[in-house]
Amino acid sequence: MRALLSLAGLVSLVLVAAPAALAQGSFAPVEPASPNAEGIRSSYLFVSIFILAIFVLVEGALIAFILKYRRRRRARFADGAQIHGQTRLEILWTTLPVVVLFLIAAFVFIELPGIKNVPEAGASGELEIRVTGRQYYWQYEYPNGVIAIDRMRAPVGVPVRLTVSAPDSDVIHSWWIPALGGKIDAIPGRVNETWFEADRTGVFEGQCAELCGVGHAFMTASVEVLPEAEFAAWLEERRQAQTTGDVALGEETWEGVCAKCHGLAGQGALYRAVAGSAVLRDPQAVETLVRNGRRTMPAVGAGWTAEQIDALNAYLKESPPGGS
Ligand SMILES: [Cu+2]
């Protein structure tokens, strides 16, 4: 009995090293690129140590007892050995879980401020971006009025504060770029805050994490982290372009807002084909349609600025979906 228990204990000790191996595999969170994502991952790995050890201990004991107390040559209906009272073991299995729970709680409470609180802005200041979740796209607004859809650009090494919400007429979405931190809900009529501070450049992918309707699977998001100067140049270029019908924003709007339901070439996808429709050639009709919706189509552009409507029309004029 004692030998079997120590065997189970030994196996669980060996497997304590497994979370480190898991970190390379698909069971662990993605490679973090921001301190808050790092905190989430450390908590995950810390808890995994106990999960694995307990799993091995319990399953090991189960198998050991099945073998040790099997019937052997005992008569079919004779009772097995009656065992009761093992004070040391009983004290152990009462105190050990308390210690484990305490350790996990302590670790998480130590990590939590680093996950939740926006860090103090350094020399380069901080950037605030408004994130709005809508069926089925993400819209971003930068402090200088620049608008972007689905792909956010952000500077590396600068704390980025995100205020996340959804319009009153929409549903709940959830912002989540795993490498840059945890999920945060985009709730109509409520502003939630989260943040990231990317430690390297690159593109980090994410996905709306709250089932929000038939197009939910298409509601992807990405953050492109750029060197600070490159980001500043992009922001300035977009700001200037936006005043004269920004084709780049128009293209993002077409792809992010319209094409998810109507197809990239307007060939139809979740909903009807619009390629060749007269509406697309009539800026006024486009504005009326996106601002108010029609029948089953929601008002996807309610609340858009005139600049964003102009951008969409500029793009539709330059590259009519499905040709003209
Ligand atoms: Cu969504």
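**Figure 1. Pairing of strands β9 and β10 in the predicted model.** Glu-205 stands opposite Ser-222, a residue of β10. The model shown here and in the following views is predicted. Strands β9 and β10 run antiparallel and are joined by 6 bridges. Strand β10 is also joined to β4, in this case by 5 bridges, and these two strands run parallel. Within β10, Glu-224 is the residue that Arg-153 stands opposite. Of the 7 residues of β10, 6 are buried, so the strand is largely enclosed by the rest of the structure.

Figure 2. For reference, the ideal angle for four tetrahedral donors is 109.5 degrees.

**Figure 3. The largest nonpolar core and the surroundings of Tyr-142.** The largest nonpolar core comprises 36 residues, of which Tyr-140, Tyr-142, Met-152 and Trp-175 touch the most other members. At least two residues of this core come from each of β1 (127-134), β2 (137-141), β4 (151-155), β5 (160-165), β7 (184-186), β10 and α5 (228-242). Strand β10 gives the most to the core, with 4 residues. When residues up to four places away in sequence are not counted, Tyr-142 touches Leu-127, Glu-128, Ile-129, Ala-148, Met-152, Arg-153, Phe-231, Trp-234 and Leu-235. Another core, of 19 residues, lies apart from the largest one and has Ile-147, Ile-149, Leu-249 and Leu-280 among its members.

**Figure 4. The salt-bridge network that includes Glu-224.** A network of salt bridges links Arg-151, Arg-153, Glu-224, Arg-238, Asp-246 and Glu-252. Within the structure as a whole there are 12 salt bridges. One of these is formed by the side chains of Glu-224 and Arg-151, at 3.3 Å from N to O. This pair links distant parts of the chain, as Glu-224 is in strand β10 and Arg-151 in strand β4, 73 residues apart. Arg-151 has a relative accessibility of 27% and therefore counts as partly exposed. In another salt bridge, the side chains of Arg-238 and Asp-246 meet at 3.0 Å from N to O. Arg-238 and Asp-246 are both buried.

**Figure 5. The salt bridge between Arg-161 and Glu-193.** The side chains of Arg-161 and Glu-193 meet in a salt bridge, at 2.9 Å from N to O. Arg-161 is in strand β5 and Glu-193 in strand β8 (residues 192-196), so the bridge links distant parts of the chain, 32 residues apart. The relative accessible area of Glu-193 is 41%, and this residue is therefore partly exposed.

Note on methods:
Residues are numbered from 1 along each chain as its sequence is written. This is a predicted model: local features need pLDDT of at least 70, side-chain atom pairs count only at pLDDT 80 or more; totals for chains, interfaces and linings use all residues. Side-chain values use heavy atoms; hydrogens and water are left out. A nonpolar core is a set of buried Ala, Val, Leu, Ile, Met, Phe, Trp, Tyr and Cys residues joined through side-chain atoms within 4.5 Å. Buried means under 20% relative accessible area, exposed over 50%, partly exposed in between (1.4 Å probe, protein chains only). Contact means heavy atoms within 4.5 Å. Two strands pair if DSSP finds at least two bridges between them. A salt bridge is a side-chain nitrogen of Lys or Arg within 4 Å of a carboxyl oxygen of Asp or Glu.
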